[in-house]
Amino acid sequence: MRLISLLLISTFTLAGCGSGGSGGSDSGQVSSGGNSNTGGDSTVPDSGGSTVPDSGNDGGTDPEDGGGSPPQPAPDTGFQDEMLTAVNAARATQQDCGGTIMPPVPALTWDTQLEQAAYTHSNDMANYDFFSHTGSDGSSVSTRVTAQGYTWSSVGENIAAGQKDVDAVMKSWIESPGHCLNIMSANFTQMGASFVTNSSTQYGIYWTQVFAKPRS
């Protein structure tokens with residue numbers, strides 16, 4: 001499997017852009033000033049991340065599932081605890097994110113609104129067979145989080161496709177500088193995540209992590 005990861009700063013560029021193959025991951029950062037864009041390779045087709053530190057709640061539209069009602073979250077099968085434990089284990093130790101040494105940072109808490117935003121995007125990618133931070137309706141991570149009623153001061157997203165389980169997808173994200181930086185960011189205090197499978201699509205499984213810090 002090939003993994004392609006992208007580091008995006010101040011813009012969202014995804015799926016297919018520098019990614020492809022049978023599995024993937026993509027990550028990036030978006031800040032309120034300046035634009036820059038770098039890309040790199042990893043091991044599965046695309047996963048991505050993006051952050052919007054301290055640029056406020058920019059509104060947004062409610063993403064729809066093929067024009068119908070917004071999708072409902074999958075039942076709790078222990079995935080939430082497994083993902084949160086894996087992320088906090090990574091945050092508890094120093095990480096080398098592509099040459100940038102990130103010190104340990106406080107543990108995140110799980111938020112159901114962020115989980116729903118993550119599920120909405122994974123479901124969209126799985127239903128429409130695409131891989132991108134931009135939803136089929138043109139939504140971004142910030143608009144998807146806002147649509148769930150979460151008022152954020154910073155928000156970010158990692159996506160991936162093709163990895164079979166939490167261990168595999170976390171390994172690909174930690175080994176990708178942009179994704180790793182999102183996971184290790186002290187700007188975030190909460191997270192949610194989800195995955196959706198569809199065997200008729202290119203990658204079969206689509207993962208989304210959403211990170212945020214609520215506005216005070």
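Strands β7 (residues 109–110) and β9 run parallel, joined by two bridges. This is a predicted model. Within that pairing, Trp 110 has Met 191 of β9 as its bridge partner.

Now follow β9 to its other pairing. Eight bridges link β9 to strand β10 (residues 205–214), and these two run antiparallel. Here Ala 193 stands opposite Gln 209 of β10. Strand β9 covers residues 190–197, and six of its eight residues are buried, so the rest of the structure largely encloses it. In a regular strand, side chains alternate between the two faces of the sheet.

Next comes helix α2, residues 112–128. Asp 111 caps its N-terminal end. A side-chain oxygen of Asp 111 lies 2.9 Å from the backbone nitrogen of Gln 113. Just after α2, Asp 129 takes a positive phi of about 55°.

Last, turn to helix α5, residues 177–183, which holds Cys 180. Is Cys 180 buried or exposed? Its relative accessibility is 0%, so Cys 180 counts as buried; the cut-off for buried is under 20%. What does Cys 180 touch, leaving aside neighbours within four places in sequence? Its contacts are Gln 95, Asp 96, Cys 97, Trp 173 and Ile 174. Met 170 is 10 residues from Cys 180 in sequence, and their C-alpha atoms are 9.2 Å apart in space.

Technical notes. Residues are numbered from 1 along each chain as its sequence is written. This is a predicted model: local features need pLDDT of at least 70, side-chain atom pairs count only at pLDDT 80 or more; totals for chains, interfaces and linings use all residues. Side-chain values use heavy atoms; hydrogens and water are left out. Buried means under 20% relative accessible area, exposed over 50%, partly exposed in between (1.4 Å probe, protein chains only). Helices (H or I, at least four residues) and strands (E, at least two) are DSSP runs, numbered from the N terminus. Two strands pair if DSSP finds at least two bridges between them. The expected span of a helix is 1.5 Å times one less than its number of residues. A polar contact is a pair of N or O atoms within 3.5 Å; within protein, one must be able to donate a hydrogen and the other to accept it, and residues adjacent in sequence count only if both atoms are side-chain atoms. Contact means heavy atoms within 4.5 Å.
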